[in-house]
Amino acid sequence: MVKTRRLTAYNDNRIDYGIVLTVIILAIIGIASVYATTVMIAGDNLRATLMHSLWYAIGAIIVIFVMQLDSEQYWKLSTYLYGFGLILLVLVLLFHDRATAAETGAKSWFRLGTFSFQPSEVFKPAYIVFLAKVITEHNDKYTNRTLKSDWFLIGKVLLFAAPAILLIQLQNDLGTNLVIMSITAGMLLLSGISWRIITPAFLGVVIVGGGLIFLAMTQQELLMKIGFKPYQLQRIHAWLDPFGDTQGQAYQLSRSIMAIGSAGLAGKGFGVSEVLVPVRESDFIFTTIAENFGFLGSAFLLFIYFILIYQMVQTCFETKNEFYTYIATGVISMILFHILENIGMSIGLLPITGVPLPFISQGGSALLSNLIGVGLVLSMRYHHRSYMFANDDQFEY
């Protein structure tokens, strides 16, 4: 009897209910925010809310499936997942939805009837799993780390990142490319790369970024000659001076800042809005939360995000599986960048890039990508507990 109770306790703990509960809270916030934005504020029907709920239902099924695969299976599948993701990125360039491309300028979407799908979102978790394998294999081979081996690792990672970055850039999707870069940087940072490489690289990024901002303000023609689009330069101007052209490129950002700033401590109430913000249901849904519930509601959302990230980090320490740890690092980097960029652009701290708010913004492809990432982290605990359960069983015999 004692043995049975002990084994059942381990089995119950295989699922990380803390992460599950946190995601459920984010789901409730997301569905309520989409409803408030589209139905109560914009006066539309329930379609957007129902679709957002449907994507959550589909995502829950996918999470359950993702959890069933262990690290050995992901290791074997990683190369195929990466290759399949690249194929999708090529196909969308050939068969993208022309209407969406004409409206947004991005060749990033497949369309089937009323359903649209963005393959670059599905590529993100596939890329994370594959990159985790590349780094783990490298560290196993080069146990005595040197600057030469670190540069070799960087070269391999950039070699695999380059095709994805090129294909996504051909889709004219800067926001997704920034996410891919943040995933790559986060995983490389945790891979053990020497600070003698990281420090100069960080300074280089700061110098280049600052230089590009300076050129965007003084030498726009030069930047356009090397591939920058006029609207990208206009977004930088709007970011630096959000109230300089409130009827032009700065209209969206200025309205976002006004909506958030007018909310006060507790907000105006659920579904109440006095400021028109374009694309509020997707990229700027944070303005709905902030305007409805003020500083307190915004702080609560950030706290929930913090709890989610904290639990993911804690899972890494508990499982002590190098391959899984790199996967979790990629997922954390992906979600964290989305949070910082989306909220940052909504309040004017960062330029507008079209990055959605994780688990909240309307959009099935992005939601599935984030839920797959959560499923990968849940798989860590799920199979780690299973492994401990099996070992205890053998030990007692």
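This is a predicted model: local features need pLDDT of at least 70, side-chain atom pairs count only at pLDDT 80 or more; totals for chains, interfaces and linings use all residues.
## The chain as a whole

Stepping back, the protein chain has 15 helices and two strands. Its C-alpha atoms fill a box of roughly 75 × 50 × 40 Å along the principal axes. For 397 residues, a compact globule would have a radius of gyration near 21 Å, and the 22 Å of the protein chain agrees with that.

How much of the chain is buried? Buried residues account for 47% of the 397 residues. Contacts also reach across the sequence: of those between residues at least 6 apart, 70% join residues at least 24 apart.

## The nonpolar cores

The largest nonpolar core has 79 residues, and L301, M312, I327, F359 and I360 have the most contacts inside it. Helix α14 (residues 322-346) supplies the largest share of this core, with 11 residues. There is also a second, separate core of seven residues, with V275, F284, M345 and I352 among them.

## V129, a buried helix residue

Now let us visit V129, which sits in helix α6 (residues 119-141). V129 has a relative accessible area of 2%, so it counts as buried, the cut-off being under 20%. Beyond its neighbours within four places in sequence, V129 is in contact with Y74, S78, F323, I327 and L376. I327 is also one of the residues with the most contacts inside the largest core.

For a sense of distance, take V129 and Q362: they are 233 residues apart along the chain, and their C-alpha atoms are separated by 26 Å.

F359 is found in the loop between α14 and α15. Is F359 buried or exposed? It is buried, because its relative accessibility is 1%. Setting aside residues within four places in sequence, F359 is in contact with V23, L26, G30, H52, Y56, Y305, L308, I335, L367, N370, L371 and V374.

The backbone deserves a look too. Most residues other than glycine have a negative phi. F359, however, has a positive phi near 70°.

## The cavity

How many cavities of 30 Å³ or more are there? The count comes to one, and the largest cavity has a volume of about 40 Å³. Its lining is made by H338, P356, L357, P358, F359, I360, S361, G363, A366, L367 and N370.

Helix α15 (residues 364-396) gives the most to this lining, with three residues. By class, the lining has seven nonpolar and four polar residues, and no charged ones.

S282 lies in the loop between α12 and α13 (286-319). With a relative accessible area of 15%, S282 is buried. Leaving out residues up to four places away in sequence, S282 touches S361 and Q362.

Finally, N172 is placed in the loop between α7 (147-170) and α8. N172 is buried as well, at a relative accessible area of 18%. Although N172 is not a glycine, its phi is positive, at about 65°.

Terms used: Residues are numbered from 1 along each chain as its sequence is written. Side-chain values use heavy atoms; hydrogens and water are left out. Helices (H or I, at least four residues) and strands (E, at least two) are DSSP runs, numbered from the N terminus. Buried means under 20% relative accessible area, exposed over 50%, partly exposed in between (1.4 Å probe, protein chains only). Contact means heavy atoms within 4.5 Å. A nonpolar core is a set of buried Ala, Val, Leu, Ile, Met, Phe, Trp, Tyr and Cys residues joined through side-chain atoms within 4.5 Å. On a 1 Å grid over the protein atoms alone, a cavity is a set of points where a 1.4 Å probe fits but cannot get out, and a pocket is an open set with protein on both sides within 12 Å along at least five of seven lines; lining residues have an atom within 4 Å of a point. Grid points are joined across faces, edges and corners, and a volume is the space filled by probe spheres set on the points. Ala, Val, Leu, Ile, Met, Phe, Trp, Tyr, Cys and Pro count as nonpolar, Asp, Glu, Lys and Arg as charged, and the others, Gly among them, as polar. The radius of gyration is taken over C-alpha atoms; the globule rule is 2.2 Å times the number of residues to the power 0.38.
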